[in-house]
Each structure stands twice: as C-alpha cells, then as structure tokens.
Amino acid sequence: MQARPSEPPISAHERVYRTLRSRIMHGELVPGSALTLRGIGQEFGTSMTPAREAARRLVAEGALTMSVSGRISTPELANDRIEELASLRGLLETELAVRALPRAHLALIERLAAINSTVAEAIRRGDAVAYIRTNLEFHRTLYLRAQAPAMLALVETVWLQLGPTMRKLYGRMRQGRPPDSHRLILAALRNREEAALRVAVRTDVTKGLRLLMT
C-alpha cells in the first residue's frame, strides 16, 4: 500500500499568526496590551519578517491595532464598537443556531452538554482563558452543524475582535456557574423549539457584552 504523503510544515509566519490569533481570541491578552515585532520574533525564534506579516494580518482582521509610529496593541473598544459587535453576534449566531437545529441530533446535544460541564469547571477554577475557550467551543460545535462556513468565518472574526474585551468582561462578571442561557439553548435543541433557541442564543451572546456599556 502506498504511503500517504505527509502534510507540508507550516511557515514561520503562519505559525506565529495562528498562535497569536488563538491567544487574542481566547482572551489571553487584555485590552491595550502592547506587542513589539522584536518581542514576537524572539518568542517564536523567527526574524522580524514573519512577525511583521502575522501582525499585519491580525491588524487587517481587527484583532490588533497599529499606530502611525508602529506601536502594536490589542484594541480598547469604545461602547459603540462593543454595541456593533454584540449586534453582529446576535444576528449571525442566531441564524447559525437555527440552521443547525434540524441537524442537532442527540449525540450533538450530549457533546454540547459535556462541553458545558468544562465551562462550569473553568468558572469554578476562576480560569478566564479556559472559560472563554470552552464557551466558544460550545458555540462553534453547534454552529458547525449549520453547514454555513462563510457565515461561521464571519462570526470567528467577530470573536477575534472581541477576545480581549471578553477577558475584561469576565473580570467584571465573577460568575459562579455557566450562563443560564446555555441550559436554555440545550433545552431548545432537545425540544426542537426554534423560537426558544433564537431567544436563548441572542441573550447568551449579547447580554454580557452590553453590561460593559452600563
């Protein structure tokens, strides 16, 4: 039997980009965190060119800002920007959930319930990054069943732009248990209730963010 060709190794630029993207999306960096191309290159053992390319991609996606002087940092979002991104989450993620509903069979619901248990554990430990990561995993697992990759890509860009802000939000909320809306999402999926699913998803993805504007 012929051996399957191995996948080519990813470039230094792609490795830096993927790692930084994950850190930002999952709230490892707080709003206003400063980065330098030299520091990125030293951390990843690369020249400044891959660091610069990765940073430019993340700036283009709204995950980082770059000043005229070249200072790179995570964005500090104004209230109107948080409102805009929260509205996008409400629109896009509600649509993805509804599209996933016909394919939300028992195995998926059980998987979501298991992920929600890891969300609860992260909250119990006070681990903000683990909470954000598992919370997004809960949503992504459901939305993958929508079979709408372009829409999901847009949602992930919104998540990326909100990552540091979500870290700030977690610090304010001081939750002791998973969001009640997760339980309502699971119940709506089990009961095949589209209207209830719409309300639960929209509440889950917008309510917390809007607390930052009060």
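Into which domains is the protein chain divided? In this predicted model, the protein chain comprises domain 1, residues 12-73, and domain 2, residues 79-210.

**View 1. The two domains and their contact.** Domain 1 covers residues 12-73, while domain 2 covers residues 79-210. Between the C-alpha centres of domain 1 and domain 2 there is a distance of 26 Å. To the contact, domain 1 gives 13 residues and domain 2 gives 15 residues.

**View 2. The largest cavity.** One cavity of 30 Å³ or more is found when the whole structure is searched.

**View 3. The lining of the largest cavity.** The residues that line the largest cavity are M25, R89, I132, N135, L136, W159, G163 and M166. Two helices, α6 (128-143) and α7 (149-173), each contribute at least two residues to this lining. Sorted by class, the lining contains five nonpolar, two polar and one charged residues.

**View 4. A charge over an aromatic ring.** R57 places its charged end over the ring of Y17. The distance from this charged end to the centre of the Y17 ring is 3.6 Å. As for pairing between aromatic rings, the structure contains one aromatic pair.

Conventions: Residues numbered from 1 in each chain as written. Predicted model: local features only at pLDDT ≥ 70, side-chain atom pairs only at ≥ 80, totals over all residues. Heavy atoms only, no water. 1 Å grid on protein atoms, 1.4 Å probe; cavity = no way out; pocket = protein on both sides within 12 Å on 5 of 7 lines; lining within 4 Å. Points joined across faces, edges and corners; volume = space filled by probe spheres on them. Helix = DSSP H or I, 4+ residues; strand = E, 2+ residues; numbered from the N terminus. Nonpolar A, V, L, I, M, F, W, Y, C, P; charged D, E, K, R; others polar. Phe/Tyr/Trp six-rings, centres within 6.5 Å; stacked < 30°, edge-to-face > 60°. Lys NZ or Arg CZ within 6 Å of the ring centre and 35° of its normal. Domains from an automatic or database assignment. Contact = heavy atoms within 4.5 Å.
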